[in-house]
Amino acid sequence: MTNVHKIKQDMCDIGRRIYAKGFAAANDGNITVRVSENEVLCTPTMHCKGFLKPDDISTIDMTGKQIAGRKPRSSEALLHLEIYKQREDVKSVVHCHPPHATAFAIAREPIPQCVLPEVEVFLGDVPITKYETPGGQSFADTIIPFVDRTNLILLANHGTVSYGENVERAYWWTEILDAYCRMLILAKQLGHVEFLNEKKSRELLDLKDKWGWSDPRNTEQYKDCDICANDVFRDSWQDSNVQRRAFGAPEPMGAKAAAKPAATSGGSSDQEALIQMITQRVMAELSKHS
């Protein structure tokens with residue numbers, strides 16, 4: 001039998017952790033848990049997640065209509081409901097604004113892969129949606145292209161949404177991602193990010209499969225993908241204006257590495273000639289103004 005009061009207490013606990021981490025300022029963020037086929041517990045709108053009480057949690061149906069609770073439900077509940085509709089295995093959804101991960105969502109910078117073992121095992125490729133004004137069904141629909149292949153999505157210029165079999169697990173993915181994004185930013189400030197090689201990256205994917213964690217890169221559909229090049233969601237980048245600006249791509253791996261043309265001495269000569277031509281033109285322009 002479902003202990004609804006215990007689940008509400010768990011939601012309040014996650015709310016406190018989100019607030020303590022700085023993942024939700026003021027009234028930011030929302031948490032839901034699906035407790036039956038047509039009932040979902042939902043945090044209230046305009047309420048700080050760090051000070052929730054079980055009595056603050058409302059109940060909504062799968063259309064978004066509030067059916068119980070003294071405080072109005074979150075204005076972004078439709079996003080959560082769409083995830084439940086797309087993924088019957090999901091029982092909880094957490095949305096918040098972790099600053100380091102959200103920085104990548106604002107910059108539309110893809111999350112580099114094959115850098116940190118924990119991220120490869122627990123997260124995998126993390127997509128970035130198109131931007132849409134929060135709250136409506138159009139906003140909820142932005143997750144549809146990705147929700148079946150990941151448990152964590154970056155919402156463009158907005159934040160994160162993560163989901164799982166319970167509220168604790170749903171929250172984990174966001175905390176892991178924000179810690180990773182902070183490490184990436186710090187490493188970039190040091191001047192370099194070192195990628196794992198193909199052998200070590202595949203060992204992590206094998207470990208992930210052994211532990212029962214799903215990853216598209218371990219499926220037949222992506223057997224020939226470049227496992228470290230964001231191949232799972234890269235087809236969506238153009239529509240969402242996502243591109244590598246701050247972090248370069250790793251060296252090609254697998255089939256793509258085999259297809260990579262070998263460098264030639266002629267290419268080096270052409271590059272040197274181009275640099276020389278540009279230099280001459282710059283110097284010529286400078287001499288006109290001296």
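I'll start with helix H2, where 8 of the 10 residues are buried, so the helix is largely enclosed by the rest of the structure. The buried residues are Ala 77, Leu 78, Leu 79, His 80, Leu 81, Glu 82, Ile 83 and Tyr 84. Keep in mind that this is a predicted model.

Now the overall picture. The protein chain has 10 helices and 7 strands. Of its 290 residues, 45% count as buried. If we take contacts between residues at least 6 apart in sequence, 65% of them join residues at least 24 apart.

Next, the cores. Which residues touch the most other members of the largest nonpolar core? They are Ile 83, Ile 143 and Val 161, out of 30 residues in that core. Five elements are listed as giving two or more residues to this core: strand E2 (39–42), helix H2 (77–86), helix H5 (137–141), strand E6 (152–155) and strand E7 (159–164). H2, the helix I opened with, supplies the largest share, 6 residues.

Leaving aside residues up to four places away in sequence, Val 161 touches Leu 79 and Ile 83, then Val 93, Val 94 and His 95, then Ile 143, and finally Asn 151, Leu 152, Ile 153 and Leu 155. Of these, Leu 79 and Ile 83 are also on the list of buried residues in H2. There is also a second, separate core, with 21 residues, including Ala 101, Trp 173, Tyr 180 and Phe 247.

On to a helix pair. Two packed helices are described by the angle between their axes and the distance between the axes. For helix H1 (residues 4–20) and helix H6 (residues 167–190), the axes come within 10 Å and cross at roughly 15°. Angles under 35 degrees count as roughly parallel, and H1 and H6 are therefore roughly parallel to each other. The crossing of H1 past H6 is right-handed.

What does H1 bring to this contact with H6? Asp 10, Met 11, Ile 14, Arg 17 and Ile 18 come from H1, and they meet Val 167, Glu 168, Tyr 171 and Trp 172 in H6. By type, the residues of the contact divide into 6 nonpolar, no polar and 3 charged.

Gly 254 sits in the loop between helix H8 (237–240) and helix H9 (255–259).

Note on methods. Residues numbered from 1 in each chain as written. Predicted model: local features only at pLDDT ≥ 70, side-chain atom pairs only at ≥ 80, totals over all residues. Heavy atoms only, no water. Axes fitted to C-alpha atoms, helices over the stretch in contact; angles between N-to-C directions. Helix = DSSP H or I, 4+ residues; strand = E, 2+ residues; numbered from the N terminus. Parallel < 35°, antiparallel > 145°, perpendicular 65-115°, else oblique. Left-handed = near helix turned anticlockwise from the far one by under 90°. Contact = heavy atoms within 4.5 Å. Nonpolar A, V, L, I, M, F, W, Y, C, P; charged D, E, K, R; others polar. Core = buried A, V, L, I, M, F, W, Y, C linked by side-chain atoms within 4.5 Å. Buried < 20%, exposed > 50% of the residue type's maximum accessible area, 1.4 Å probe, protein only.
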